[in-house]
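Subject: Handing over a structure, with notes on what was found

Dear colleague,

I am passing a structure on to you, and below it you will find notes that you can follow with the model open beside them. Please take your time over each part and look up every residue as you come to it.

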Amino acid sequence: MSKRKLSRQQRWRIEKIQAERARRAEQRDTRDAQKLAAGDYGPEQNGRVIAHYGRTLDVQAPDSTQVVRCHLRANLDGLVTGDRVIWRAAHDTQGQVIAGVVVARSERQSVLERPDARGQLKPVAANIDQILIVFAVEPVPHPNLIDRYLVAAEATGIAPVLVLNKIDLLPTGGGELRALLDRYAALGYPVVATTTACSEGLDALLAQLSGRTSVFVGQSGVGKSSLINRLLPDESLRIGELSEASRKGTHTTTTARLYQLPSAGTAELIDSPGIREFGLIHLDEQQVAEGFIEFRDHLGHCRFRDCRHRLEPGCALLEAGERGDIHAERFASYRHIIDSLDEGNTT
């Protein structure tokens, strides 16, 4: 569908509105700079971004439980939940902290990014130690989606953990999902099976979280917010019901937020907006192949250097599949991802 052509008056009005917004933003930044110069803000101190709302952030100092709403300096962009920052506090006449301004971002240890609709990488969370990929009995999980998360995690260098939720709904013996989880465990991935219906599995989940900063990712409706509600009974996260028609979850988390888990030592947990798709269009075929950890010992051993692992003679991956060293479903998942990259490049 072609874009609607704007009239000259409509273009003028849009430009006027954008110019007015830019002027107001410049005025706010000027006022912040004047306050800083006048000493209206206190000395610089370290902080952690707890949540992000456009040009404002919730920041918490390491030695305090208070969360302070802070403005963002004009020269700072791209801050996300989990970032460590330098900020200055504003106080009222009684000396209470009422606001703040973030003046710098500290170096990141890690950053989780995902491509937006235009294929540009967008940071989601920073300074995290592990990615908890949550899937459940409902909505029905797709191994290819799990593999996409795993490839994305491997590309960032952040350790992934697989969490199977709602295990109270599993059939006797565990069925196909338990077999799927065992298959990933055999590859060396940490796996946790849990449910919010009872305490089973929560101890194992807490042990996995202890001493680490983690981020939950996964389809909407898999129970990420429900798990956090069990781990943080003092919090009240909105939980969406599964659609009766699609059996897919509804999006209830709109902003990534960092929570501290006192029951798990120094554990921190970031709840991110539910995403049903996890695009990998920013990766090339080699990076995708390296994201399948069982492929790594075979990569570089094909007869042809430009082997695409389809029907080429002497393909080390195909031979490994024939020997059973690579599971057929994992190789099919890899091919599905590669084909989706090809389709994205031709559109």
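This is a predicted model: local features need pLDDT of at least 70, side-chain atom pairs count only at pLDDT 80 or more; totals for chains, interfaces and linings use all residues.

Helices, which are runs of H or I of at least four residues, and strands, which are runs of E of at least two, are DSSP runs numbered from the N terminus.

The overall picture comes before the details. The secondary structure of the protein comes to 8 helices and 13 strands, and of its 347 residues, 45% count as buried. If you consider the contacts in the protein with a separation of 6 or more, residues 24 or more positions apart account for 64% of them.

UniProt, in an unreviewed entry, places the feature "binding site" at Cys302, Cys307, His309 and Cys315. What surrounds Cys307 and Cys315 in the model, not counting residues up to four places away in sequence? Cys307 touches Cys302, Glu312 and Cys315, while Cys315 touches Cys302, Cys307 and His309. Cys307 is in the loop between helix H6 (285-290) and helix H7 (316-323), and Cys315 is likewise found in the loop between H6 and H7. Residues count as buried under 20% relative accessible area, so Cys307, at 11% relative accessibility, is buried, and Cys315, with a relative accessible area of 1%, is buried. His309 also lies in the loop between H6 and H7 and counts as buried at 8% relative accessibility. The backbone of His309 deserves a look, for this residue has a positive phi of about 60° although it is not a glycine.

Glu290, by contrast, is found in helix H6 and counts as partly exposed, at 36% relative accessibility. Although Glu290 and Glu154 are 136 residues apart in sequence, they are 7.9 Å apart in space, C-alpha to C-alpha. With residues up to four places away in sequence set aside, Glu290 touches Arg296 and Leu299.

Asn127, in the loop between E7 and E8, has a positive phi of about 55° although it is not a glycine, and Asn127 is buried, with a relative accessible area of 2%. The peptide bond from Glu138 to Pro139 is cis, with omega near -5°, and Pro139 lies in the loop between E8 and H2.

The last point concerns a pair of helices. Two packed helices are described by the angle between their axes and the distance between the axes. Helix H4 (residues 202-209) and helix H5 (residues 224-231) pack at an angle of about 90°, with their axes 11 Å apart, and H4 and H5 are therefore roughly perpendicular to each other. On the H4 side the contact is made by Leu202, Leu205, Leu206 and Leu209, and on the H5 side by Leu227, Arg230 and Leu231. These residues divide into 6 nonpolar, no polar and 1 charged.

How values were computed
Residues are numbered from 1 along each chain as its sequence is written. Side-chain values use heavy atoms; hydrogens and water are left out. Axes are lines fitted to C-alpha atoms, for helices over the stretch in contact, and angles run from 0 to 180 degrees between N-to-C directions. Angles under 35 degrees count as roughly parallel, over 145 as roughly antiparallel, 65 to 115 as roughly perpendicular and the rest as oblique. Contact means heavy atoms within 4.5 Å. Ala, Val, Leu, Ile, Met, Phe, Trp, Tyr, Cys and Pro count as nonpolar, Asp, Glu, Lys and Arg as charged, and the others, Gly among them, as polar. UniProt positions are given in the numbering used here, feature names are shortened, and annotations may be inferred rather than shown by experiment. Buried means under 20% relative accessible area, exposed over 50%, partly exposed in between (1.4 Å probe, protein chains only).
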